[in-house]
Amino acid sequence: MVGASSPCTGARRTGGVGAFVAPLALLALLASRAASDREGAPGGALLAMHVGSVLVATAAFTVAAAMAAAYLLQERELKQKRLGGIFRRLPSLEVMDTYSFRCVALGLPALTLGIVAGLFVSARAATGATGAWQQYVALGVWAVFAAVLVLRVVAGWRGRRGAIGTLLGYACALTVLAGYFLRGVV
Amino acid sequence: MVVGVNHRSASVELRERLAVASDAIEEAVRGVRALDGVREAVLVATCNRVEVYAAGDDDDRVARAAQAFFASRGADDAQRYEHRGGDAVRHAFRVCASLDSMVVGEPQILGQVKEAYSVAKAAGCVGASLSRLMSHAFLAAKRVRTETGIASGQVSVASVAADLARGIFGDLKGRRVLVVGAGKMALGAARSLVRHGAQLAVANRSFARAEALAKEQGGTAHPFSDLTMLLQHCDVVVCSTGAQGYVLSRDLVQSAMRARRGRSLFIIDITVPRNVDPRVGDLDSVYLYDLDDLEQIVAEGGRTRSEARQAAEDIVSEEVVGFVRAEREKVGAGPTIAAIRQRYRAAAQAELERSFAQRLKHLKEDERKAVEAMIEAYTNKVLHAPTMALRAAGSSGDDALLSAAQTIFGLAEGGS
């Protein structure tokens, strides 16, 4: 995740974003540890592809969401006309907007692949209805991020609206992941 | 001690006359070092100050030497300042921390002093005293920079405008700045953006005036009727017309934003009465700042700056006290303590040698070593309490006790 953020934030004045990415990366690390504890289920290339793609998508969306959150903070500072410490530490609005967009554009194809592979996996396993609601929410995640991209290109929904959309999509994605892990625990 | 002139004490003419070219500093500092009574010297010469930091055994002789240096270059006494002891230390620390600068907090001065120090050091003019002073001053300056906000903060409306634009767009290279009207202040703000690489466009009711300004500032001129088109293509708009009503209405900007497909627009309204409908600021991705907003930010910069300045002065005072105390301990009691120990050791050594030659002749080498070690330990133990007392006297500046100790231990008359 930090790896995904570093090439994207290679531009100058992006230092402050690390403050958002680092804790999320830590969370992801802990989550992946928790996930690896539950390994041993029947696998195969499709499952590997599903997990791998979803991981890439999650990493990209995490960076995008961090950028979006930082964007909203910076935007609020500018609208309220305060040039506090936040203003000085964060990159410019334009930079955060662009990189958030790029990360979503990177994450969406990965998520698409992950969902398709996941559908095949669950069809083959024919395990019934378990995890059904996560599949719907996952489709919701896909729809939200797709909307973020399409509206940006077609209707010029940049900046604030794009950032809110990205955060919304990310919240849904976290719900799916949380559901997945909770199901394993309960 | 330090003797010098700066931007407050001396006229610019005098500073020009005193100025030392950077390649001539080494020679000049050697010249100061060669003067009577000067043991160490550092010469700091910038456009705002020329200062001699010098150390020697006798302050008066050092002062006379430094005065001679300035007098030979035509500076009279009234324009010169002189600090000794703790005041000189404080002065050095404040200069390095940029508290004595014309623009307080500007970062160049520390580098300039460091440069002056290394030139003097290379020329062999720096000894232990100035070396300790300068390294401690650099440390104090670093503390001031990291612990206070003295180096940040805004200076002018124009620089605030440029800072905001960079906060929105990042790099300003290739961005277009539109100046609506031909007010002086608007041009000032626009110019600071152009310095960061932005391109200028001027729109004015009188096209001839727009053309003249555009030519002068290196931009393009547009008639007022182009405004709608210009709003779509420029990222920063600086507004200062003489108009009484709103030149940029909410509807006009809203339709421009639609055409901009959500790209941010930064509008600066520097006119009173305002030229831009305040409701424009409510639009998404539009950042509207009027003169009051900008001045508010400038004023806040000034307020935090004066707070930072106080904090910086406190740090400097703390460091000065620490440095002076350490110096006093070293210089004040140091020589006395060293002399007392030296005297005891010499006496013990003489006695030992005599005994080893006579009554203790039969001792083997390792037994002699053991006796020597015992005598050394005894000396240390006996002298421990006097050493501590003298050190304390040195740091508190209690000269009476120091001279009493010199009498008691027989150092004062320089006895055998």
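Residues are numbered from 1 along each chain as its sequence is written, and chains are lettered from A, ligands numbered from 1, in the order in which they are written. Because the model is predicted, local features need pLDDT of at least 70 and side-chain atom pairs count only at pLDDT 80 or more, while totals for chains, interfaces and linings use all residues.

Chain B contains 14 helices and ten strands. Helices (H or I, at least four residues) and strands (E, at least two) are DSSP runs, numbered from the N terminus. Of its 416 residues, 39% count as buried. A residue is buried if 20 or more other C-beta atoms lie within 10 Å of its own, exposed if 12 or fewer, and partly exposed in between; C-beta atoms are placed from the backbone. Among contacts in chain B with a separation of 6 or more, 67% are between residues 24 or more positions apart. Two residues are in contact if their C-beta atoms, placed from the backbone, lie within 7 Å.

Four strands of chain B form an open antiparallel sheet, in the order β2-β3-β1-β4. Its edge strands are β2 (40-45) and β4 (81-83), each of which pairs on one side only. Pairing requires at least two DSSP bridges between two strands. The twist averages 15° from one strand to the next. Axes are lines fitted to C-alpha atoms, for helices over the stretch in contact, and angles run from 0 to 180 degrees between N-to-C directions. Antiparallel β2(B) and β3(B) are joined by six bridges. B:V42 has B:Y53 of β3(B) as its bridge partner.

Two helices lie across strands of this chain. Helix α6 (residues 128-147) of chain B lies across β2 and β3, at about 40° to β2(B). α3(B) lies across β1, β3 and β4 of chain B, and runs at about 155° to β3(B).

The 14 residues of α3(B) (residues 59-72) should span 20 Å at 1.5 Å a residue, and the end C-alpha atoms are 20 Å apart, which agrees. The expected span is 1.5 Å times one less than the number of residues. Buried in α3(B) are B:V62, B:A65, B:A66, B:F69 and B:F70. They cover an arc of only 135° around the axis, so they lie on the same side of α3(B). The arc is that of the directions from the helix axis to the C-beta atoms. An α-helix has 3.6 residues a turn, so residues three or four places apart point the same way. The cover over these buried residues includes β1 (2-6), α2 (25-34) and β3 (49-55) of chain B. On the other side of α3(B), B:D60 and B:S72 are exposed. Just after the helix, B:G74 takes a positive phi of about 90°.

Two serines also have positive phi. B:S98, with phi near 65°, lies in the loop between α4 (85-96) and α5 (108-122) of chain B. B:S98 counts as buried, with 24 C-beta neighbours inside 10 Å. B:S285, with phi of about 65°, is in the loop between β9 (265-269) and β10 (286-290) of chain B. B:S285 is buried, with 22 other C-beta atoms within 10 Å.

The contact between the chains takes 16 residues from chain A and 15 residues from chain B. On the side of chain A that touches chain B, α3 (45-79), α5 (93-125) and α7 (159-185) of chain A each give two or more residues. The largest share, three residues, comes from α5(A).
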